[in-house]
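Have a look at the sequence and the coordinates first.

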Amino acid sequence: MDEETRPPEQPDAGSAVCARCGTVAHGDAAPLTWLRSVEDGQRLLFCENCARLHIRAIESRLDSLWW
Ligand SMILES: [Zn+2]
């Protein structure tokens with residue numbers, strides 16, 4: 001029963017990379033200012049700058065889905 005102890009998706013441990021611009025966060029975890037998003041079961045990270053753009057994109061996408 002030890003086969004499923006690992007998470008299904010495990011990006012490179014030790015570094016957080018922005019999924020949009022490729023910025024690499026220093027340290028072992030993404031800064032609190034980074035946006036965490038889950039899309040299609042994949043965990044994505046967005047740096048501060050991209051988070052703003054990404055949030056707007058999400059909002060507009062949700063907006064259009066509502067119509
Ligand atoms: Zn970015």
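This is a predicted model: local features need pLDDT of at least 70, side-chain atom pairs count only at pLDDT 80 or more; totals for chains, interfaces and linings use all residues.

## Ground rules

Residues are numbered from 1 along each chain as its sequence is written, and side-chain values use heavy atoms, with hydrogens and water left out.

## Overall fold

The protein chain has one helix and four strands, and they come in the order β-β-β-β-α along the sequence. Both kinds of element are DSSP runs numbered from the N terminus: H or I over at least four residues for helices, E over at least two for strands.

Of the 67 residues in the protein chain, 19% are buried. Here buried means under 20% relative accessible area, exposed means over 50%, and partly exposed is in between (1.4 Å probe, protein chains only). As for contacts (heavy atoms within 4.5 Å), take those in the protein chain between residues at least 6 apart in sequence: 30% of them join residues at least 24 apart.

## The zinc site

Which atoms hold the zinc ion? The SG atoms of Cys18, Cys21, Cys47 and Cys50 coordinate the zinc ion at 2.3 Å. Donors are N, O and S atoms within 2.8 Å of the metal (3.2 Å for Na, K and Ca); water is not among the atoms, so sites may look incomplete. Along the chain, the spacing of the donors is C-x2-C-x25-C-x2-C.

The geometry is tetrahedral, with angles of 105 to 118 degrees among the four donor atoms. That label requires four donors with all angles between 85 and 135 degrees. For reference, the ideal angle for four tetrahedral donors is 109.5 degrees. In terms of accessibility, Cys18 is buried at 3%, Cys47 is buried at 8% and Cys50 is buried at 7%, while Cys21 is partly exposed at 45%. Searching the whole structure for disulfides (a pair of cysteine sulfur atoms within 2.5 Å) turns up zero.

Strands β3 (residues 35-39) and β4 (residues 42-46) run antiparallel, joined by five bridges. Pairing is called if DSSP finds at least two bridges between two strands. One of the links is between Arg36 and its bridge partner in β4, Leu45.

Asp40 sits in the loop between β3 and β4, and its phi is near 55 degrees, a positive value in a residue other than glycine. Asp40 is also exposed, at 84% relative accessibility.

Back in β3, Ser37 is buried, with a relative accessible area of 12%. Skipping neighbours within four places in sequence, Ser37 is in contact with Gln42, Arg43, Leu44, Phe46 and His54.

## The nonpolar core

Which residues make up the largest nonpolar core? Eleven do: Ala16, Cys18, Ala25, Ala30, Trp34, Leu35, Leu44, Phe46, Cys47, Cys50 and Ala51. β4 and α1 (48-66) each supply at least two residues of this core. The set is built from buried Ala, Val, Leu, Ile, Met, Phe, Trp, Tyr and Cys residues joined through side-chain atoms within 4.5 Å. In soluble globular proteins, nonpolar side chains tend to be buried together.

Two of the core members, Ala16 and Ala25, are worth a click. Not counting residues up to four places away in sequence, Ala16 touches Thr23, Val24, Ala25, Ala29, Ala30, Trp34 and Leu45. Ala25 is found in β2 (residues 24-25) and is buried, at 7% relative accessible area. With the neighbours within four places set aside, Ala25 is in contact with Ala16, Ala30, Pro31 and Trp34. The C-alpha atoms of Ala25 and Ser15, ten residues apart along the chain, are separated by 6.4 Å.

Is Ile55 buried or partly exposed? Ile55, which has its place in helix α1, is partly exposed, with a relative accessible area of 36%. Ile55 and Ser37 are 18 residues apart along the chain, and their C-alpha atoms are separated by 9.8 Å.

Technical notes
Four donors count as tetrahedral if all angles lie between 85 and 135 degrees; four count as square planar and six as octahedral if opposite donors are over 155 degrees apart and all others between 65 and 115; anything else is irregular.
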